[in-house]
Protein chains: 2
Amino acid sequence: MGASKTSTSQPVRRRRADVVARAIDVLDEHGLADWSMRRLAADLGVQPSALYHHFAGKDELLAAMADELLERGRRPVEIVTWESELRLVCVELRDAMRSHRDAAELIAGVHARGEGAQEPVRRMAAALARAGADDDLARVGAGLVLHFAFAHVGDDDADFALGLEIVLDGLTARLVR
Amino acid sequence: MGASKTSTSQPVRRRRADVVARAIDVLDEHGLADWSMRRLAADLGVQPSALYHHFAGKDELLAAMADELLERGRRPVEIVTWESELRLVCVELRDAMRSHRDAAELIAGVHARGEGAQEPVRRMAAALARAGADDDLARVGAGLVLHFAFAHVGDDDADFALGLEIVLDGLTARLVR
DNA sequence: GGCATAGGTGAACACTGTTCAGGTTAGGGT
DNA sequence: ACCCTAACCTGAACAGTGTTCACCTATGCC
């Protein structure tokens, strides 16, 4: 961005965003298993304790990283059918999880702890609800597709597509009745 | 040391199975997050280093715990159809994952690391192959059902059953064509 | 009875996340 | 221009973690 510093707008202590960006760099360089608060702090040239002014703890920082990766993966596409929406969310998720080293473990782990990465499942549940699914079907179906995406990031494109079609078939059978 | 017998150390010999059983007790009492080699060792009245005569490391021990829990969950039931086999494996998995505190995280984590808990997915893939699925469908289908079971342990019985039926519907559509 | 070895000791290494009292710096309001 | 507040950071410490090492010992087998 070519924006110059404007004194009219908020100074925007964007330290937090810097930390997240750096945290993702550290993830790329060392992997999730070797990612640590201390290593990130060292990489930032800062004491570990400084990180606790931006994040309550490691889990919150990891959640912010996951959300950032999901946000970067968003693509503005016009949605037509509920199936295309589900497919799009899956593709976005898949791309996000493959965009950086260990991003799949990161995102799945954060979601398992219920600390973030909640938006994809909300979007899918909403799409299913719009398609006429009742609450149970929307909730279960969205969770089904989400966890399918989590579990099959490592699969090749053909396997991933096949698995997704199986799930969508099962959902269709319950929606268009 | 010299003349008197050391009062602080009394070697108690254990076997591998004893250690695993105790490890599961510790899991029940403290949860997975607070489970540690040192805590288990203390619970056994043994030095942490003694555990490394039975297991190469923490991961191997956790894998042994997961396998033990899955083994305990096995039930000898006669199988008729591929669907009933898949359902049975799911129920066994679900029961195993609910049988002890944090058993779901344990089993899913161990499986994610590819260190054990590989039998359920093999059984399901074999059932699908017997039903006429090609290699791709058997592999993808088994993984689909397995990860569904992993991801939805926390759901109530109705949600779990609904999700399973959706997946089975999707599979049926591709098998009986 | 001797011996191999499975099992155990206790200390140490190199880490981890987190907390805390206290210092430094930058911006906005008066 | 000043002060004040809040954000930001320091450095040390706490309470753990998994793992390794050299050395010792009890048990079962020939």
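Which domains does the domain assignment of chain A give? In this predicted model, the assignment divides chain A into domain 1, covering 16–68, and domain 2, covering 76–176. The centres of domain 1 of chain A and domain 2 of chain A, taken over C-alpha atoms, are separated by 27 Å.

The contact between these two domains of chain A involves 11 residues from domain 1 and 11 residues from domain 2. On the side of domain 1 of chain A that touches domain 2 of chain A, at least two residues each are supplied by α1 (15–30) and α3 (58–73) of chain A. The largest share of this side comes from α3(A), with 6 residues. By residue class, the side of domain 1 of chain A that touches domain 2 of chain A consists of 7 nonpolar, 1 polar and 3 charged residues.

A further contact joins chain A and chain B, with 19 residues taken from chain A and 19 residues from chain B. On the side of chain A that touches chain B, two or more residues are given by each of α7 (135–151) and α8 (157–175) of chain A. Of the elements of chain A, α8(A) gives the most to this side, namely 10 residues. The side of chain A that touches chain B is made up of 9 nonpolar, 6 polar and 4 charged residues.

How values were computed
Residues numbered from 1 in each chain as written. Chains lettered and ligands numbered in written order. Predicted model: local features only at pLDDT ≥ 70, side-chain atom pairs only at ≥ 80, totals over all residues. Domains from an automatic or database assignment. Contact = placed C-beta atoms within 7 Å. Helix = DSSP H or I, 4+ residues; strand = E, 2+ residues; numbered from the N terminus. Nonpolar A, V, L, I, M, F, W, Y, C, P; charged D, E, K, R; others polar.
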